[in-house]
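Here are my notes on this one, as promised. Have it open while you read.

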Amino acid sequence: KHLQEMAGFIIEGTKSLEKIVGAILHYSKPIQIQPQSQDLGAFLKKMGKFVKIDPAFPKNMKLTLHIPDAPTLVPFDAEALKSAMLNLIFNALQAMPYGGELILSLFKMESSCQISITDSGIGMEEEQLNRLFSPFYTTKERGNGLGLVETQKIIQAHFGAIDVRSQPNQGTTFTLTLPLKR
């Protein structure tokens with residue numbers, strides 16, 4: 001019986017290691033994207049609907065969209081950007097355990113545009129902010145800390161930038177800047 005238990009632990013340990021190694025290998029791989037020029041505003045509106053109808057979207061949460069009606073044509077890979085956005089949205093929802101407001105905004109400038117994801121959640125201390133994009137840094141019990149690293153890689157693959165501002169108990173804003181042309 002003791003040996004069986006030990007074998008069980010070893011198998012479990014091996015599975016965990018496989019997961020970690022898989023995550024590291026995935027992390028070190030460059031992201032391949034296939035950008036196509038499309039309306040970013042329409043994409044974000046669709047994302048908003050998608051998030052709202054998700055059963056995991058809390059009832060005590062308000063989703064607000066600030067998106068211009070005029071099309072904002074941007075070259076982006078819809079699947080990759082969706083993955084990056086969902087990661088940030090999911091993080092934002094987790095930062096508001098007692099409900100709050102999630103705001104998705106799109107702002108067009110001369111040669112780029114900015115998407116911001118703002119939550120009214122718990123916010124972060126400066127030390128947390130500084131370590132945010134380090135692999136394997138996480139504030140979550142079940143996280144591996146690769147979500148934001150992955151998100152950053154997706155934005156960089158679009159020749160974009162990701163910026164974060166936060167204050168404890170005031171909420172957090174992630175700003176994604178994407179060029180209008182590649």
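Which residues have the most contacts inside the largest nonpolar core? That is point 2, after a word on the ground rules.

1. Ground rules. This is a predicted model, where local features need pLDDT of at least 70 and side-chain atom pairs count only at pLDDT 80 or more, while totals for chains, interfaces and linings use all residues. Residues are numbered from 1 along each chain as its sequence is written, and side-chain values use heavy atoms, with hydrogens and water left out.

2. The core. Leu40, Leu81, Met85, Ile89 and Ile115 have the most contacts inside the largest nonpolar core, a set of 40 residues. By nonpolar core I mean buried Ala, Val, Leu, Ile, Met, Phe, Trp, Tyr and Cys residues joined through side-chain atoms within 4.5 Å; buried is under 20% relative accessible area, exposed is over 50%, and partly exposed is in between (1.4 Å probe, protein chains only). Helix H3 (residues 78–94) gives the most to this core, with eight residues. Helices (H or I, at least four residues) and strands (E, at least two) are DSSP runs, numbered from the N terminus.

3. Ile89. Look at what surrounds this side chain. Setting aside neighbours within four places in sequence, Ile89 is in contact (heavy atoms within 4.5 Å) with Met47, Val51, Leu102, Leu104 and Ile117.

4. Thr151. Helix H5 (residues 147–157) carries Thr151, which is buried at 1% relative accessibility. Beyond its neighbours within four places in sequence, Thr151 touches Ala84, Asn87, Leu88 and Ile162, all counted as contacts.

5. Lys45 and Asp69. There are four salt bridges in the structure, each one a side-chain nitrogen of Lys or Arg within 4 Å of a carboxyl oxygen of Asp or Glu. In one of them, Lys45 pairs with Asp69 at 3.8 Å, N to O. Lys45 sits in helix H2 (residues 40–53) and Asp69 in the loop between strand E2 (61–66) and strand E3 (73–76), so the bridge ties together parts 24 residues apart in sequence. Lys45 is partly exposed at 33%, whereas Asp69 is exposed at 73%.

6. Two other bridges. Arg131 and Glu127 pair up with their closest N and O atoms 3.5 Å apart. These two are four residues apart in helix H4 (residues 126–131), so about one helical turn separates them; Arg131 is partly exposed, at 39%. Asp163 and Arg165 also form a salt bridge, at 3.7 Å, N to O. Here Asp163 is partly exposed at 37% and Arg165 is exposed at 63%.
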